[in-house]
Amino acid sequence: MQHFNPTRRRVLGLLAAAGFALSALSASALAAGSDTLNIGYQKYGTLVLLKAQGTLEKRLAPLGVKVKWAEFPGGPQLLEALNVGSVDLGTTGETPPIFAQAAGADLLYLANEPAAPEGEAIVVGKDSPIRSVKDLKGKRVALNKGSNVHYLLVRALEKAGLKYEDITPVFLNPADGRAAFQQGSVDAWVIWDPFLAAAEKQLNARQLADGKGIVNNTQFYLARKPYVASNPRVIKVVLEELQRLDAWGKSHIPEVAAELSSQINLDKDIVQVAAKRSGYGVKLLDGKVVAEQQRIADTFFKLKLIPKPLVVKDIVWDGK
């Protein structure tokens, strides 16, 4: 069994509090060996389209590589599965990789989608007396700890002249967050698409603020460093397929919505709202994107949500 120093143990405790759990897929995935690419995906996004189309399997078959897919409720859970080796590659928002790097996960940033700041927001009930982010002082705010919206909340509070300590965070995964929001046991909810679009359409949730002018809400593709080192050709094929899909999706929003709707069991109208707010165009990380991730890491270190400074550029893939 691997042993952790106290600092790393404490970060893993934070990750566990964020909903991280050792994946039950671990044994079977590891047993599959290097001839299988294990991909972790979330309820929405380009990876869902890739899974539905089956083109990646066709591209990788001549290389003798099979593909296995596993769905996760959020980025923190997906990266913990990656950390223990049950997933080789997956996608998350901005914040989960920061927590994972702090926990010592052996991962690499592969690529990112363009910023999609409208794809996440702080919402309240339609009849809530809360009219602005400033009104959140002393209130209970639901969010998935360690997810992309964690950073949105921190920055939105800062912009409104509040501190993180001025609110009471209630850490819940998206399903439980929606239930708490709907029942009124929290005053606000910070959430991302398509859960955001569903809350707006189905619950008449009202936005206090989205990411515009506050955060980028960048989506990242990440992988286990040992897998990348051993399978660079596989990684390049995956990115080529993602780029192909994004190039098509950017100009075919209704078709994207229809395809995703059938895959994730949400009404097409809801998914189309989310699809319009998404970023399209997978590319390798540039200096600007790395600098913004570094800013997030520095922010969480100052808030003592991670126990040590991080150097994000140390885990960025060079594309070779």
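1. The accessible surface of the protein chain amounts to about 13,700 Å². Carbon and sulfur atoms account for 51% of that surface. These values are computed from a predicted model.

2. The protein chain has 320 residues, and 56% of them count as buried. Its secondary structure consists of 14 helices and ten strands. Taking contacts between residues at least 6 apart in sequence, 80% join residues at least 24 apart.

3. Strand β6 covers residues 140–143 and runs parallel to strand β7, residues 168–171. Four bridges join the two strands. In this pairing, A142 has V170 of β7 as its bridge partner. With helix α7, residues 148–159, β6 and β7 make a β-α-β unit, and the unit is right-handed.

4. Strand β6 is also joined to strand β8, residues 188–192. These strands run parallel as well, with two bridges between them. Here A142 stands opposite W189 of β8.

5. How many aromatic pairs does a search of the whole structure find? The search gives six.

6. Is W192 buried or exposed? Its relative accessible area is 8%, and the cut-off for buried is under 20%, so W192 is buried.

7. Elsewhere, F99, Y151 and F300 form a cluster linked by ring pairs.

Terms used:
Residues numbered from 1 in each chain as written. Predicted model: local features only at pLDDT ≥ 70, side-chain atom pairs only at ≥ 80, totals over all residues. Heavy atoms only, no water. Pairing = 2+ DSSP bridges. Right-handed = clockwise from strand over helix to strand, strands pointing away. Phe/Tyr/Trp six-rings, centres within 6.5 Å; stacked < 30°, edge-to-face > 60°. Buried < 20%, exposed > 50% of the residue type's maximum accessible area, 1.4 Å probe, protein only. Contact = heavy atoms within 4.5 Å. Areas by Shrake-Rupley, 256 points an atom, 1.4 Å probe, with all protein chains shown as cover.
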